[in-house]
Amino acid sequence: MLTYLIRRILWMIPMLVGISLISFFIMHLAPGDITSSEAAFDPKSSEEARQKLRELYHLDKPIIVQYGLWLERMVHLDFGHSFASHQKPVFWAETDKEGNTTPGMIQEALPVTLLMNIAGLLLTLTLAVPLGVIAAKKYARWPDRSITLFNFIGFSIPGFWLSLLLMYWLGVIHTWFPISGLHSLNYAQLDTLGKAQDLLMHLFLPVVIPAITGLAGVTMFVKNGMLDVLSQDFVTTARAKGLSDRTVTYRHALRNALLPLITLIGLSLPGLIGGSVIAETIFAIPGMGKLFYEAVMMRDFPVVMGILTIGSALTLLGNLLADLAYAWADPRLRKGVMPQR
Amino acid sequence: MAKKQMHGWQHNSAMRTHRHGIGRISVGLLCSWLVACSSGSQEPQSQTFSAYPPQPGGTLISAMPSDPSSMIGMVAGESASLAIGAYLFNSLLKYDQNLDLTGELAESWQVADDKKTITFKLKPGLQWADGKPLTSADILFTWQLITDEKTHSPYASDYQLVTHADAPDPRTFIVHYSQPFAPALESWASLQVLPKHKLAGQDIRTTSFAQKPLSSHYYQLKEWRHGEYIKLERNPKSVLGSANIDHLIERIIPDPAAQFLELMADNIDSMNLDPITYARIIPSRPTLQVRLNQFKELGNSYTYLGFNLKRKPFDDVRVRKAINYAIDKQEIIDGVYLGLGIAIGSPYKPGTRWSNPQLTPYPFDPTRAKKLLAEAGYQDSDGDGVVERDGKKLSFEVLTNLGNKGREKTAVIIQRRLKEVGIETHIRSLEWASLLTNFIKPGDFDAVVMGWGLGLDPDQYTIWHSSQQKPGQFNFIGYSNPAVDKLLEQGRLEFDPEKRMQIYHEFAKVLYDDSPLVYLSAGYGLTAIHKRVQGIMNPVPPAGVGYDSQKWYIPEPLRRTQIQAE
């Protein structure tokens, strides 16, 4: 088991290098660089200044040299500085000689996105698992049909449109929820409870709306898993033993049906750090999605590469964790009854 | 620093960047929906907004689409930074309400007889917000900073023309040029002066001053939550006297639809509008109309159809003029900008002294267009509806930047009108960086629909002078006319406004006759401001609605009872 783990972790290194190489080249395939933004098209700025800026950032060098420079920094876990945002550090905060700290861009955006996505994932799961179980138990009857209908309505509605409607209804007509932003303007003056409530109110719509629109997939996953398991022999055996329906469903069937869900959650781990551009733009939330989108549009290579690197590392880590969780949850895997992958 | 916002208000909708593409789509959908149910909601408040005398205090909340990257605008080189910087830092000179130069930090300035030396005399008793004196040493330091190779300011070029600068005493600042340079005065009205005692010895590109600046102007930075809001508070030591409003809050809301919802819920006091919100949505909602003042003002920018003059058939002035006559500018203004624009005949803001009043926009005259095409040898001999010469069809590609809906629609209207006179066009929308890098820079295009945002100085050397055609420079259409070159050079040497006016009127006349591009429209900047904000200049002065915003005030009875939470 331990050698397996070490081997898996060591394998991640060449994979990360490969992923970063491909992302770096694809990023540089896009035409333009930091000096070709629309704002730079100002008749008062000069081409000489732009050329000097390119030289400063080594953008005039061959891509492979630029990649080498980037990799050299990455070995020291130095994510570099943003080209666009006045040389803000990409990841970690930095402190200058006088003790003033400049926060890193990912460091600022990541907690927001993580909070939103974890809350969203938990909400999706708490809704999807019971709904999936009910749909499977009452398969092809009205509860199943209405759950499916509800899910597909949620799935089909464009998130930004639903967001705007709810912002108007719950924010303008009734002033129950704040419309956009993450903190109230008087946030600093609130006490701890008030701060938590303020944050909760601001996050309500941006978390609930994607959860509703994303419910369909997970519910169907649970439902189909349940249907598979419910028709298996061991469930029949359990019933034949005279166990109650409740015990059969939740202790025997559901546990087995949830196994594939572990893979799903493992795979969604990297998704947790990638925010939704559209939700973040509409709700004016400074998260990872907006950061990444703007960095791509500005050709802010260090930020793009920083986010991609963390994303790919997390993807690999998520796969690993999913496999480990699988082994933990499924005795057949743990005890080597079935061949390990 | 062409786009110095007079007092930080950015009105120019045409200058919004591609970042807001998503917002555009959603605002369109929201708009149609809001209009449909505009009679739905009722607002309980029926406040009256009677006039009150000026009084200090209060908070003004507005929205801006993107977070500035830094408070040092001249290094960051983007409009959000410059806009916030304009609240924090002073310049030597400024433009008054009629767009004439006047002193800001400078009490007076003098151009020497040889026009190569400018001497600025500073006002007495200037100081920074921390109480340290603001002297000519700070200005000298700022000049050294912006021209320093390591600063990499995109705006360095105008300041690099200064051969040397002196600060002989704390209130005198002298700059020497190797030859007269009239736009220098605008450059000294753009340079935001930074404190030497905070920045000396620091690396300007990584300094934390960019996040925690020390100001001298009406406001100082109180709190900055990145991507959320910027809180400014009144600087009691402001060198120009005190502003009325205590706090200015700029909320960062990228999506225009979300901004508008915040405006409807009265969570923000002001925002920039797009034409449909200005002309259709607000007028159709009485509850909004009651509490909002709407302003429109011409920006210093215009949209154009530009030709690649190095390519056939655009080297022929008759073809260029024919296209100009074939396009109905008013139709574009009405259809795309809902009438919120104006057709122009010279590349200057109409109504300012630089705009030549004798030049009326090319009228819509398809008959004349056809005649000009015939004179140029173009005929439709095979009857397919497209004219040709020497067996070659008159057909070209029009490029524009993807996501700029106004320009994309404009291109379609142009396509239809040109078809009527027998010219075939293909439209291609490209992402901005791709358009710039693959087409504009190498000069590989036929025609483009784009826009220019200009400064307040009439100098347009970088756009029109024949020496400015290298890849990456701004005369990318390849315009070359010795008469224009000479006028542009003269304009740079002449400091007298009256004489400069003659030069630039003549320059615009030559352009008009050459028709190197088709001026399509100069758009209005549109703003809504809550009626609780009083003291706004009415009518809007040439300098814009934001002029003298330090005199705005919010009367006590009209203030929000608290800084609103929900």
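How many residues of chain A are in contact with how many residues of chain B? Select both chains to begin: 55 residues of chain A are in contact with 69 residues of chain B, where two residues count as in contact if their C-beta atoms, placed from the backbone, lie within 7 Å. What you have open is a predicted model, in which local features need pLDDT of at least 70 and side-chain atom pairs count only at pLDDT 80 or more, while totals for chains, interfaces and linings use all residues. Residues are numbered from 1 along each chain as its sequence is written, and chains are lettered from A and ligands numbered from 1 in the order in which they are written.

Stay with the side of chain A that touches chain B, and select α2 (47–56), α6 (159–173), α7 (192–213), α12 (277–282) and α13 (288–298) of chain A, which are the elements that give two or more residues to it. Helices (H or I, at least four residues) and strands (E, at least two) are DSSP runs, numbered from the N terminus. The element that gives the most to this side is α6(A), with 8 residues.

Next, select L261(B) and A322(B), the residues with the most contacts inside the largest nonpolar core, which has 228 residues. Such a core is a set of buried Ala, Val, Leu, Ile, Met, Phe, Trp, Tyr and Cys residues joined through C-beta atoms within 7 Å, and a residue is buried if 20 or more other C-beta atoms lie within 10 Å of its own. Helix α4 (residues 105–137) of chain A supplies the largest share of this core, 11 residues. Around A322(B), look for A369(B), L372(B), L373(B) and V421(B), which it touches when residues up to four places away in sequence are not counted.

Now turn to β17 (residues 395–401) of chain B, a mostly covered strand in which 5 of the 7 residues are buried. Strands pair if DSSP finds at least two bridges between them, and 7 bridges join β17(B) to the parallel strand β18 (residues 424–430) of chain B, where N401(B) has L430(B) as its bridge partner. Between β17(B) and β18(B) the chain passes through helix α14 (residues 405–420) of chain B in a right-handed β-α-β crossover, meaning that, with the strands pointing away from the viewer, the path from the first strand over the helix to the second runs clockwise. Another parallel strand, β19 (residues 447–453) of chain B, is joined to β17(B) by 3 bridges, and there V398(B) has A447(B) as its bridge partner.

Definitions and conventions:
A residue is buried if 20 or more other C-beta atoms lie within 10 Å of its own, exposed if 12 or fewer, and partly exposed in between; C-beta atoms are placed from the backbone.
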